Amino acid sequence: KASVNVQWDDRAASDGSPPVRVAFVLVVHGRASRQFQRLFKAIYHTSHFYYVHVDERSYYLHREVLSLVGRFPNVRVTPWRMATIWGGASLLTMYLHSMDDLLKMTDWSWDFFINLSAADYPIRSNDQLVAFLSKYRNMNFIKSHGRDNARFIRKQGLDRVFYECDNHMWRLGDRKIPEGVSVDGGSDWFLLSRPFVDYVVNSRDALVSNMKRFYAYTLLPAESFFHTVLENSIHCETMVDNNLRLTNWNRKLGCKCQYKHIVDWCGCSPNDFKPSDLPRFQQTSRPTFFARKFEASVSQEIISQLDAFLFGAYPSSTPGLQAYWENIYEQETDGLSSLSDSKLSHYHAFARMGLSRAAGSLQGHPNDQSCWYGAGGRDHEITACFTFSVIFICFEL
C-alpha cells in the first residue's frame, strides 16, 4: 500500500490557494450536553461546516443540540437519526448517509470530512489545522492497524458473517475474504478529502459496490471499509497513515477482555486523559490536531488546561470551572415510564435526605417552612454534579 509521508511544520505556508474548509460530522449520544457544547465552542469557526448526528435513543441530548445549533447558519442536525452501536453495521451506514447529505448540500462548499465524538477535543488551533490541510489538499488521513494482515482479519472477525439486529451484532457463520482485494483497517476516526468521499458515495465502481455489500455484514465495518476501499482504488496514492489524532490507549487497563473469541461481547475503549497527560499534547512529534478520550465527569481540569493552552486561560471568576453538571433525567424528554421503581425510590430518598438536612440548617425561626418536601410531588429534572470526586444529585420538583 502507498502511504504519503507528511510533516508538521508550524511555519507551513499556503501555495496561494484559498484555505480549505472542513465539514465536521459530530456523532454524539448519551446526556453530556455541556461537554458537547464545550467541544463545539472549541472547534467552531465561521468558515467551516458542522453536521450533527444525535443517536436515536438520546432524546434529551437531541433537544439540547437543536436549541444550540439553531443559532448558527453553518450548523445543521441530521433530519434522520439512527440507533448506532459499537461495532455495528449501522455506524458505517450512518457515515455513508452523512457523506451523501453533505455532498448534496450545494450551499456548503467543503474540502475535508472529519468525524468527531463528544469525547474528542482539539489540541491545536483552527489556524494550524487549516494551514496543514491546505498544504496537503486531496490527501486522506486514515490510520492503519500496522499488524500482520492475516492476524488483523482474524482479530476483527472479517472472515465471519455478522448481522445487526436488536442493538447487537450476531455472528452467523464463516465466510471467505474476497479475492483480489487487499483488506486493511485500523481506527474508525479519520479525515477524508472530498474527492474520495464523492468516490465512496457516488462511484459505480465494482470495488465500491462490492465492499459496501461485504461490510454490511461485518463486525466493526467503519474500522475497515474506508481503509480497504482507499488502498484498492485509484485514490490509493493519497493515503496518509495518520488520522491526525492522539488516542489514550492503555491496553493493560482498557482491553483485558479483547475479542473473546470473536466477539460476544467486549469492546476495547481508550482511557480518559487526565491533567498529568498535558505534556503529551505539547511534545507529540507527528502531525496531530485532535485527541481522545475526554470525559468531563472524570476530569474537567484537563479540558480547561487545553483551553488555556489554545485560547488563553479563563478568568478565575468564571463559574463552573471546578464542577461539571450532567442531566440524568428530564421528564419532558424521558417520561416517568423511563424511571424504574428502584431508581425512583433512590431519587426520592436522596431528595428527602437533602431537604431534611437543608431545613435543619436554616437560620432564623424554627418553624420556617421555606424548605419542604411534599409527598405528592413528581421529579421534573435530576442532575448530577461532579466535583472533587464527589457526586451530588440535584432535583427540580
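**Helix packing and aromatic pairs in a predicted model**

Good morning. I begin with helix H4, residues 126–135, whose buried residues are Leu 129, Val 130, Phe 132, Leu 133 and Ser 134. Buried means under 20% relative accessible area, exposed over 50% and partly exposed in between, with a 1.4 Å probe and protein chains only. Helices (H or I, at least four residues) and strands (E, at least two) are DSSP runs, numbered from the N terminus.

This is a predicted model, in which local features need pLDDT of at least 70 and side-chain atom pairs count only at pLDDT 80 or more, while totals for chains, interfaces and linings use all residues. Residues are numbered from 1 along each chain as its sequence is written, and side-chain values use heavy atoms, with hydrogens and water left out.

What covers the buried residues of H4? The cover includes strands E1 (22–28), E4 (112–117), E6 (140–141), E9 (191–193) and E12 (290–292), where contact means heavy atoms within 4.5 Å.

I turn now to helices H1 and H2. Helix H1 (residues 33–43) packs against helix H2 (residues 59–69) at an angle of about 35 degrees, and their axes are 10 Å apart. Axes are lines fitted to C-alpha atoms, for helices over the stretch in contact, and angles run from 0 to 180 degrees between N-to-C directions. On the H1 side, Ser 33, Phe 36, Gln 37 and Phe 40 meet Tyr 60, Leu 61, Glu 64, Val 65 and Leu 68 of H2.

Next, the aromatic rings. Rings of Phe, Tyr and Trp (its six-membered ring) pair if their centres lie within 6.5 Å; planes under 30 degrees apart count as stacked, over 60 as edge-to-face and the rest as tilted. By this rule there are 25 aromatic pairs. One of them joins Phe 40 and Tyr 50 edge-to-face, at 5.7 Å centre to centre and 75 degrees between the planes. Phe 40 lies in helix H1 and Tyr 50 in strand E2 (residues 49–54), ten residues apart. Both Phe 40 and Tyr 50 are buried.

Why is the pair of Phe 273 and Phe 294 tilted? The ring centres are 5.1 Å apart and the planes stand at 35 degrees, so the pair counts as tilted. Phe 273 is buried at 1% relative accessibility, and Phe 294 is buried with a relative accessible area of 1%.

Finally, ring pairs link Phe 24, Phe 36, Phe 40, Tyr 44, Tyr 50, Phe 72 and Phe 290 into a cluster. Thank you.
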